[in-house]
Amino acid sequence: MKHAPLYEALINHSRTNKWSFHVPGHKNGLIFEEKARAHFQSVLPLDVTELSGLDDLHHPEGVILEAQQLLASYYKVKQSFFLVNGSTCGNHAMILSSFIDDDIVLVQRNCHKSVLNGLELAGVTPVFLHTEMDEEGGYPLGVHLETVKQAVEEYPNVKGIILTNPTYYGMQQDIQEIADFIHSVGGVVLVDEAHGAHFGLKDMPISSIHKGADIVVQSAHKTLPALTMGAYLHVNSERVDIHRLKHALQVVQSSSPSYLILASLDLSRLFLENLNDDVIKRILSQSEELRKYIDSLPYLKVMKAPIRYQLDPLKITVQSDREISGYELQELFEKEGLFTELADDRNVLFVLPLGPLNDMKDLQKVLEQISAQLARYDTRQRTNQSLKGLSPVSRLSLSYREMKSLQVKPQSIMDSEGKIAAEAVIPYPPGIPLIAKGEQITSKHIDEYSTLKKKGARFQGITEDHVIYVFDHT
């Protein structure tokens, strides 16, 4: 019988819990702001703490242990863990548990900021692998095997690699050859698979955990019906030190985990188990129908997966052939009540639901109206992004150890060429740093920042008047 043991334990507890003399302070919803009570009341009795029969995330022996075992069984891996601090904490934990100070670690350069923060916390020496570029889409893809081999030739003492697969735009590469190569030189393979929690469903891409990865982290909340901050970490290798991993998870996660998030993770696994082939077929069919419809409209087109990449069916990347940025296009969508995942210089990204689109006709009508609005814009003069002249393998200008001893100072990014960034400059979303902490700022960085800012990008790590902190190491 398919079930959700943690969720069921919470329901049973709510039926017997007459008096709450424990945290949290809302006391099963008895104490709450009246203005919002109607919206929160139904879930507050499930927002509890580590009480009898509800287990402990950091030392699971009961229903949480069973729920995690069911998760591992579903994903066909050796062990799985619930995460309540998002894929961010999963990335931190897998890095902290896999490496020690000064280890040389290969890192896909278009990684999420949480990976860079994890590298800093671990005190390792990252070697960045620059990616292939989708010229039409204008976004980075994955790492080529030859780039990995070049990096190992230059740094033979490498201890592992951290990949981001799929990309934010849903482009997935088969990492098997990279994984086999890294394993052959004694390294571990860690994959930030934040956008792939639904991978493995019928006719969907296969997860990297079954393509040689030792640890994979997935944001369940991104494509599954889990609450925000709910994520999974999967281990499928004897190369992983489980004791170190469990300790790292305690270090980077709250000691008071949300049972609402935990229950949603338990239920998301049950949701996946209950998805039958007919429903999945309908999801895929509607995804293809929507792609074809957008492609049929004037001035709009859908990006396709390049050779050697597989496209996630739940991701649709749209751009216009008019002189309009992705940020501006996103604003047109939002004025019609259509809110998308992200925009960049050229594109707008749709993340489709893992379920039927019941209002397809209404959606198509809105898209048609937006397409008509694009007629007033001029035809775009395309300039392709190029990685020519960029070294496929690079290092930070300062080690994390060196950074700790240096003072920082504010600096206009417009006058910062040659300086070393003391914080990352990050267009958000997607959270992939344009400039990493410890990188030397180049004229190309400044030009790209200026271009994106003018077109409407939002940034973390830099003020509205273009001030960034740099290391004062002169």
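This is a predicted model: local features need pLDDT of at least 70, side-chain atom pairs count only at pLDDT 80 or more; totals for chains, interfaces and linings use all residues.

Student: Okay. What makes glutamate 238 and lysine 78 a salt bridge?

Tutor: Look at the gap between their side chains, which is 3.4 Å from N to O. The cut-off is within 4 Å for a Lys or Arg nitrogen and an Asp or Glu carboxyl oxygen, so the pair with its 3.4 Å counts. The structure holds 16 salt bridges.

Student: Why can such side chains pair up at all?

Tutor: Because opposite charges can pair when the charged atoms come close.

Student: Why is the pair of glutamate 238 and lysine 78 said to tie parts of the chain together?

Tutor: Glutamate 238 is in the loop between β10 (231-235) and α9 (242-252), while lysine 78 is in the loop between α3 (63-75) and β1 (79-83), so parts 160 residues apart in sequence are tied together.

Student: Is glutamate 238 called buried or exposed?

Tutor: Exposed: its relative accessible area is 67%, and the label needs over 50%.

Student: Which residue does arginine 401 bridge to, and how do you know that it counts?

Tutor: Arginine 401 meets aspartate 102 at 2.8 Å, N to O, and that is within 4 Å, so the salt bridge label holds. Here too distant parts are linked: arginine 401 belongs to helix α14 (residues 400-404), and aspartate 102 to the loop between α4 (86-98) and β2 (104-108), 299 residues apart.

Student: Why do arginine 401 and aspartate 102 get the accessibility labels they have?

Tutor: Arginine 401 has 51%, so it counts as exposed, since the line is drawn at over 50%. Aspartate 102 has 43%, so it is partly exposed.

Student: What about arginine 239 and aspartate 214, what makes them a salt bridge?

Tutor: Their distance is 3.0 Å, N to O, and so it falls within 4 Å. Arginine 239 is partly exposed at 47%, whereas aspartate 214 is buried at 1%, because buried means under 20%.

Student: Now the rings. Why is the pair of phenylalanine 32 and phenylalanine 40 called tilted?

Tutor: There are seven aromatic pairs by the ring rule. In this one the centres are 5.1 Å apart and the planes make 45°. Under 30 degrees would be stacked and over 60 edge-to-face, so the rest, being in between, is tilted.

Student: And what makes tyrosine 74 and tyrosine 75 edge-to-face?

Tutor: The angle between their planes is 90°, and edge-to-face needs over 60.

Student: Last one: which residues form the negative surface patch?

Tutor: Glu323, Glu328, Glu331 and Asp378.

Student: Where is glutamate 323 found, and why is it called partly exposed?

Tutor: Glutamate 323 is in the loop between β13 (315-320) and α12 (326-335). Its relative accessibility is 42%, so it counts as partly exposed.

Terms used. Residues are numbered from 1 along each chain as its sequence is written. Side-chain values use heavy atoms; hydrogens and water are left out. Patches are made of residues with over 30% relative accessible area and no salt bridge: like charges are joined within 9 Å, nonpolar side chains (Val, Leu, Ile, Met, Phe, Trp, Tyr) within 5 Å. Accessible areas come from the Shrake-Rupley method with a 1.4 Å probe; for residues, only the protein chains shown count as cover. Lys and Arg count as positive and Asp and Glu as negative; His and the chain ends are not counted. The place of a charge is taken as NZ of Lys, CZ of Arg, CG of Asp or CD of Glu. Helices (H or I, at least four residues) and strands (E, at least two) are DSSP runs, numbered from the N terminus. Buried means under 20% relative accessible area, exposed over 50%, partly exposed in between (1.4 Å probe, protein chains only). Rings of Phe, Tyr and Trp (its six-membered ring) pair if their centres lie within 6.5 Å; planes under 30 degrees apart count as stacked, over 60 as edge-to-face and the rest as tilted.
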